[in-house]
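Visitor: I would like to learn how to read a structure feature by feature. Could you take me through one, giving the general idea before the particular case?

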Amino acid sequence: DRRRLGAIIVPNNDEVVAAAKRKSSLDGNNGLAKDTVMSLLHAELKTWMAGCSFQIGPILVVDEPFTIDNGLMTPTMKIRRDKVAAKYQSEIEALYK
């Protein structure tokens with residue numbers, strides 16, 4: 001029920017590090033700053049959304065994957081949107097302020 005479309009992303013850390021290496025975005029100790037991860041994700045989303053009639057606005061990056069064990073997926077591997085929205089409610093609200 002928002003004016004802009006948002007996304008909750010659980011990044012694949014190996015892929016993020018590989019993308020940062022390709023773009024030479026790693027810092028001296030091979031770590032990734034949060035703003036670097038966000039810029040990589042925004043660039044990737046921009047590429048994916050180039051031909052679409054809609055754009056994804058704010059994104060929330062979470063570290064915990066959605067699994068059956070933590071109750072965020074069904075046994076048939078569907079995301080339980082109500083549970084995800086409830087778990088990350090405060091973070092989602094902060095995205096739209």
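Visitor: How many helices and strands does the chain have, and in what order do the elements run from the N terminus on?

Guide: This is a predicted model, and in it the chain has four helices and two strands. Read from the N terminus, the elements follow the order β-α-α-β-α-α. The C-alpha atoms fill a box of roughly 40 × 35 × 25 Å when it is taken along the principal axes.

Visitor: Of the contacts between residues at least 6 apart in sequence, what share joins residues at least 24 apart?

Guide: In this chain that share is 51%. As for the surface, the accessible area of the chain comes to about 7,300 Å², and 51% of that area belongs to carbon and sulfur atoms. Of the 97 residues, 23% count as buried.

Visitor: What about the charged side chains, and how far apart do the centres of the positive and negative sets lie?

Guide: The chain carries 14 positive and 12 negative side chains, and the centres of these two sets are 6 Å apart.

Visitor: Which residues make up the largest nonpolar core?

Guide: The general idea is that in soluble globular proteins nonpolar side chains tend to be buried together. Here the largest nonpolar core has nine residues, namely Ala7, Ile9, Val16, Ala20, Val37, Leu40, Leu41, Leu45 and Ile59. Strand 1 (5–9), helix 1 (13–22) and helix 2 (34–48) each supply at least two residues of this core, and helix 2 gives the most, with four residues. Apart from this core lies another, of seven residues, including Val62, Phe66, Met73 and Val84.

Visitor: Where in the contact list of Ile59 do I find other residues, if those up to four places away in sequence are not counted?

Guide: On that basis Ile59 touches Ala7, Ile9, Met38, Leu41, His42, Leu45 and Leu95. Leu41, found in helix 2, can then be read from its own side: leaving out residues up to four places away in sequence, Leu41 touches Ile9, Ile59 and Val61. Leu41 counts as buried because its relative accessibility is 13%, and the cut-off for that word is under 20%. The C-alpha atoms of Leu41 and Ala7, which are 34 residues apart along the chain, are separated by 11 Å.

Visitor: And is His42 buried, exposed or partly exposed?

Guide: His42, which is also found in helix 2, has a relative accessible area of 37% and is therefore partly exposed. Not counting residues up to four places away in sequence, His42 touches Gly57 and Ile59.

Visitor: How do I read the sides of a helix, and which residues of helix 1 are buried?

Guide: One asks where the buried residues point around the axis. In helix 1 the buried residues are Val16, Ala19 and Ala20. They cover an arc of only 100° around the axis, so they lie on the same side of helix 1. These buried residues pack against helix 2, while the face turned away from the buried side carries the exposed residues Asp14, Lys21 and Arg22.

Visitor: What is the phi of Met77, and where is this residue found?

Guide: In general, most residues other than glycine have a negative phi. Met77 has a positive phi of about 65° although it is not a glycine, and it is found in the loop between strand 2 (56–61) and helix 3 (81–87). Met77 is exposed, with a relative accessible area of 53%.

Visitor: In that loop, is Leu72 buried or exposed?

Guide: Leu72 lies in the loop between strand 2 and helix 3, and at 2% relative accessibility it counts as buried. Setting aside neighbours within four places in sequence, Leu72 is in contact with Phe66, Thr67, Lys78, Ile79, Arg80, Lys83, Val84 and Lys87. The C-alpha atoms of Leu72 and Ala85, 13 residues apart along the chain, are separated by 9.7 Å.

Visitor: Which residues does Ile79 touch, beyond those up to four places away in sequence?

Guide: Ile79 touches Phe66, Leu72, Met73 and Val84 on that basis. Ile79 lies in the loop between strand 2 and helix 3 and is partly exposed, with a relative accessible area of 46%.

How values were computed:
Residues numbered from 1 in each chain as written. Predicted model: local features only at pLDDT ≥ 70, side-chain atom pairs only at ≥ 80, totals over all residues. Heavy atoms only, no water. Buried < 20%, exposed > 50% of the residue type's maximum accessible area, 1.4 Å probe, protein only. Contact = heavy atoms within 4.5 Å. Areas by Shrake-Rupley, 256 points an atom, 1.4 Å probe, with all protein chains shown as cover. Lys, Arg positive; Asp, Glu negative; His and termini not counted. Charge placed at Lys NZ, Arg CZ, Asp CG, Glu CD. Core = buried A, V, L, I, M, F, W, Y, C linked by side-chain atoms within 4.5 Å. Arc of directions from axis to C-beta.
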